Amino acid sequence: EEREREQAIQERKTKVARLIETSGMRGIMRSMTFDLFNQQRRGKIYEVAKQYAEDFTSQTDTGLIFFGKAGTGKTHLAVAIARYVIEQKQIAARVARTVELLADIRQTFNEHDGYRAENEMELIRKFTSVSLLVLDDLGAEKVSDWVCEVLYRVIDERWLEQRPIIVTTNFNLKELEERLGERVISRIAGMCVPIEMQNHDYRIENAPKLSGKQGANSFNS
């Protein structure tokens, strides 16, 4: 029984490590957990995000959209949800910065002769088949008909299969509709609960302070 327990623990650790590795979380995102969210900023929105993560199952079909000014902690909470879902539920989640997602899909086209170097549908399927998708910084991309079409394909497929998305954006739904069109935003509005972040700058308030005689905001030349 002891060996079976140890084996189960090791299998769980191996699975979590694999899910983290394929999640798209990298760099500073690896430290975006609920425990490391600024305690002074833990209010109702923090509790809603944490409750969503705790309640998440493979049958969850409703997502969230965090919107508000840059630096309010939107990405931190969205990534923390994905991290919790992976570590505590062993459910696959993927975090994709929208600009990078579009760049990856563009690279399926060979610049010289126009054929797809990688099957475009296979790449899109990576974002549509995972149990939870985080689309970070939606609206930051340069808008074109192609961009709107790709985003619609990803979001519409997830809507069709009832797989949730979590969106972070600096724009409200009306502003997003003006940028990306009604088709994309109507799908998001139908899938996600909107959550407006407050207007403080989370990143600036948590920036490391410089010590020395010249003060916190001074730099040596």
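**A parallel sheet and its helices**

Mentor: Helix H2 (residues 44-55) lies across S1, S3, S4 and S5, at about 155° to S1; contact means heavy atoms within 4.5 Å. Axes are lines fitted to C-alpha atoms, for helices over the stretch in contact, and angles run from 0 to 180 degrees between N-to-C directions. Helices (H or I, at least four residues) and strands (E, at least two) are DSSP runs, numbered from the N terminus. This is a predicted model, in which local features need pLDDT of at least 70 and side-chain atom pairs count only at pLDDT 80 or more, while totals for chains, interfaces and linings use all residues. Residues are numbered from 1 along each chain as its sequence is written, and side-chain values use heavy atoms, with hydrogens and water left out.

Trainee: In what order do the 5 strands form the open sheet?

Mentor: Strands of a sheet pair through backbone hydrogen bonds, either parallel or antiparallel. Two strands count as paired if DSSP finds at least two bridges between them. Here the pairing is parallel, and the order is S2-S3-S4-S1-S5.

Trainee: Which are the edge strands?

Mentor: An edge strand of this sheet pairs on one side only. S5 (192-196) pairs with S1 (residues 63-67) over 5 bridges, and S2 (residues 93-97) is joined to S3 by 5 bridges. The edge strands are S2 and S5.

Trainee: Is strand S3 (residues 132-138) largely enclosed or open, and how many of its residues are buried?

Mentor: Buried means under 20% relative accessible area, exposed over 50%, partly exposed in between (1.4 Å probe, protein chains only). S3 is largely enclosed by the rest of the structure, because its buried residues number 6 of the 7.

Trainee: Through which helix does the chain cross from S3 to S4?

Mentor: S3 and S4 (residues 165-169) pair in the parallel sense over 4 bridges, and leucine 138 stands opposite threonine 169 in S4. The β-α-β crossover between S3 and S4 is right-handed: with the strands pointing away from the viewer, the path from the first strand over the helix to the second runs clockwise. The helix is H6 (residues 145-160).

Trainee: How many disulfides does the structure hold?

Mentor: A disulfide is a covalent bond between the sulfur atoms of two cysteines; the criterion is a pair of cysteine sulfur atoms within 2.5 Å. Cysteine 148 is buried, with a relative accessible area of 16%, and cysteine 192 is buried at 6%. The number of disulfides is 0.
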